[in-house]
Amino acid sequence: MLAFTVSVAMLGVFAQPTQAATDDSLARVQEKGTLVMGTSPDYPPYEFLVNRGGKERVVGMDVDIAKKIAKDLGVKLVIKQMDFDSLLVALETNKVDMVISGMSPTAARKKSVDFSNVYYKGGQSIIINKADKGLYKDRTSFQNKAMGAQTGSIQFNLGKKQIKGSNMKGLAKISDLILALKSHKVEGVIMETPSAQAYVDNDPDLAMINGKFSLGSGENDTAIGFKKGSTSLVNEVNKSVDQINKQKLTKTYLKHAGTYMKTNTKNTSMWHYTSYFVKGVEYTLLITVIGVIFGILLGVLFALMRLSKIKLIHFLGVAYIEFVRGTPLMIQVMFVYFGIGLFINIPALIAGIIAVSLNSAAYVAEIIRGGINSVAKGQTEAARSLGLSQQQTFVSVIFPQALKNIWPALGNEFVSLIKESSIVSIIGVTDLIYQLKAVQTATYKGVIPIVVAMVIYFVMTFSLSKVLNHYERKMKHDA
Amino acid sequence: MPEMITIENINKKFGDTEVLKDLNGKVEKGQVICVIGPSGGGKSTFLRCLNMLEQPTSGKIVFEDSELTSLNESQINQLREKMGMVFQSFNLFSNMTVVENVKLAPVKVKKMTDAAAQELALKLLDQVGLAEKADNYPASLSGGQQQRVAIARALAMNPDVMLFDEPTSALDPEMVGEVLKVMQDLANQGMTMVVVTHEMGFAKNVADEVWFMDGGVFAEKGTPDQIFEHPQNERTQDFLAKILEA
Ligand SMILES: Nc1ncnc2c1ncn2[C@@H]1O[C@H](COP(=O)(O)OP(=O)(O)O)[C@@H](O)[C@H]1O
Ligand SMILES: [Mg+2]
């Protein structure tokens, strides 16, 4: 949530100039021939993931709606997955053309986002543990109790305002909220009725009750979000929405979603989801390996800059290293994706890799600087007295010795990069953490996927440590 | 005899401390100069000025027609090829084997082929009696062996002059002899050498001239006989008395 607020604040700085532009939203979509939908696919039956022949796909009522809209516009539908938190930022930074993610057109959201006509009216329900069924009747039964809802959602605000003394806990993923419920971190989870129904249908330990919230304008509704000022696109999309409403198509769509949910839960063994985890490992390794390579290359550069005798270069090196080390990787990831993405459109994966590389570079630079300083001065003098240039001395004598000295520290950095790269999941990069959540959503199982992911992380870090130790021993020439 | 190095009015300051004061001197081709004197007197700094590891604050050093203090970086690199230097602490490259240590500069600086450099390196290692250690890493060698490798490494560039900064001071006494022997052989072959040393026996037997340095000046210069048998300067007398006592 904090991260979300910061990135929105950041946008305030960047987005100003583009705001005034004339409305070419419809023309742009038609011109590029694609309609990009942003969604957080952990909200069945609105949107969720299914595993089809080893490939995962986003399906659900919202996807069917998006397909119809794209068809009506005569363009191709592209689906971008990301955290619910990141959806509105993605709209403002043109990462997506529209957001369909079970989103309610509240007054607060309307300030920064344009909405289509309402395509669905669901109620707000509360999911509880089945064992507690006798204890809770509606929202009034939860006074002074801990409650959960998705961070940044209207359910979160409803709980906060309409349950006396409520203690709201916000999490990004519904699957995590259900886990929190089962472990009694919260006593109830507020969510939209169709979604709640889906969870209850698929998990015998859960039950749902009507929240009986008093719902203001928009809070019961679901609509499609657009970047502010996209009137032409909104008007065109509304034609499709009106058809959907007239022909009661959402009924068909919900049924369709129901069949997917059944196939999903038919086989919930982790083995069945191997492909999810494999893909997650692939991305995690990809990000880590590229992050390490560029981390070292840039790290050497920044270390040399910091060691430079030229004041300006030294200052730039210090400034970079200190700044990057002084800010969280999470914000850097969001800055690269959303902030820099305002000027050049970079895919989430590339943005994630860039952010991780730039971050790693700062830490590696400090390690390398320490390594260079640890090489005895006599080594440089001996090399220089033989006629080697400063550069030759560095490449042949200093750096290899520095590398040997810092190998353990570098190794630690790589191992921690495997773990820390998991933060890229917030912008929708399908790394291991992201896939873990996908499996949780798909199987309605909370803990087992966590255990599987944990074991996979451990296997990766442990084997990397072993490999690094092997090379460390090989590099030791002393005694 | 042709002059190889001419030193004119060299001064060196570290911050406000004057370490070298108006030094003058000439090293002729084929000469062995031994520089002696108490610790802290500026001997190392003087030697390091000769190949520009230290930049003199003022004064001129002429080496084979080149005025060192006026050269740029790459010209200095070229001149350093012709001046071998051996350090008290050996400074062998710990990331390379013995033979790689010797080959590095010929390959990188002289652009010699690896095969030619290998042949040269093995010849030089043989000359210092360490051919069989070619593929060892420095850390597995004794101090005396390391210093002999360091000498071979400097010789690999085929220098016109060799600078030694207390090459035996860090050695266990039983290893001093093997290093001095290599140096004596070099001198016998006609190598021009400037040697900072506390080995008075070596200075007496090998040096053509002995320069006594104290407090940043050459307090006295002369033949070994003049310096060791008939020292004129009081500070030289003091120093020698103390050395001989020990
Ligand atoms: N890099 C340096 N910075 C400051 N002072 C130095 C430096 N190198 C040497 N000195 C000082 O210069 C003086 C002469 O040192 P040095 O040339 O090493 O003497 P020697 O080799 O005769 O023992 C000493 O007082 C020493 O502390
Ligand atoms: Mg000294």
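This is a predicted model: local features need pLDDT of at least 70, side-chain atom pairs count only at pLDDT 80 or more; totals for chains, interfaces and linings use all residues.

Author: Let's start with how chain A is laid out. Even so, nine residues of domain 2 of chain A are in contact with eight residues of domain 3 of chain A.

Where does the largest cavity lie? Domain 1 and domain 2 of chain A both contribute lining residues, so the largest cavity sits between them. Its lining includes A:Y43, A:F84, A:M103 and A:R109, along with A:Q150, A:I154 and A:E192. Sorted by type, the lining of the largest cavity has six polar residues, four nonpolar and two charged.

The open space is another matter. The largest pocket holds about 1,100 Å³ of space. It's lined by 29 residues, and those closest to its centre are A:L307, A:K309, A:T380, A:R384 and A:Q390. By type, the lining of the largest pocket comes out as 14 nonpolar, eight charged and seven polar. Which helix gives the largest share of that lining? That's α16(A), with six residues. At least two residues each come from α11 (274–307), α14, α15 (377–385) and α16 (390–420) of chain A, and from α2 (73–81) of chain B as well.

The largest nonpolar core has 97 residues, and the members touching the most others are A:I427, B:I5, B:F46 and B:L50. Helix α14 (residues 348–374) of chain A provides the largest share of this core, 12 residues. Domain 1 and domain 3 of chain A each put at least three residues into this core. Apart from it there's another core, of 67 residues, including A:V50, A:V63, A:I127 and A:A257.

Leaving out residues up to four places away in sequence, B:F46 touches B:I7, B:L20, B:L23, B:V35, B:W211, B:M213 and B:F218. As a bit of background, nonpolar side chains tend to be buried together in soluble globular proteins.

Notes:
Residues are numbered from 1 along each chain as its sequence is written. Chains are lettered from A and ligands numbered from 1 in the order in which they are written. Side-chain values use heavy atoms; hydrogens and water are left out. A nonpolar core is a set of buried Ala, Val, Leu, Ile, Met, Phe, Trp, Tyr and Cys residues joined through side-chain atoms within 4.5 Å. Buried means under 20% relative accessible area, exposed over 50%, partly exposed in between (1.4 Å probe, protein chains only). Helices (H or I, at least four residues) and strands (E, at least two) are DSSP runs, numbered from the N terminus. Domain bounds come from an automatic or database domain assignment. Contact means heavy atoms within 4.5 Å. On a 1 Å grid over the protein atoms alone, a cavity is a set of points where a 1.4 Å probe fits but cannot get out, and a pocket is an open set with protein on both sides within 12 Å along at least five of seven lines; lining residues have an atom within 4 Å of a point. Grid points are joined across faces, edges and corners, and a volume is the space filled by probe spheres set on the points. Ala, Val, Leu, Ile, Met, Phe, Trp, Tyr, Cys and Pro count as nonpolar, Asp, Glu, Lys and Arg as charged, and the others, Gly among them, as polar.
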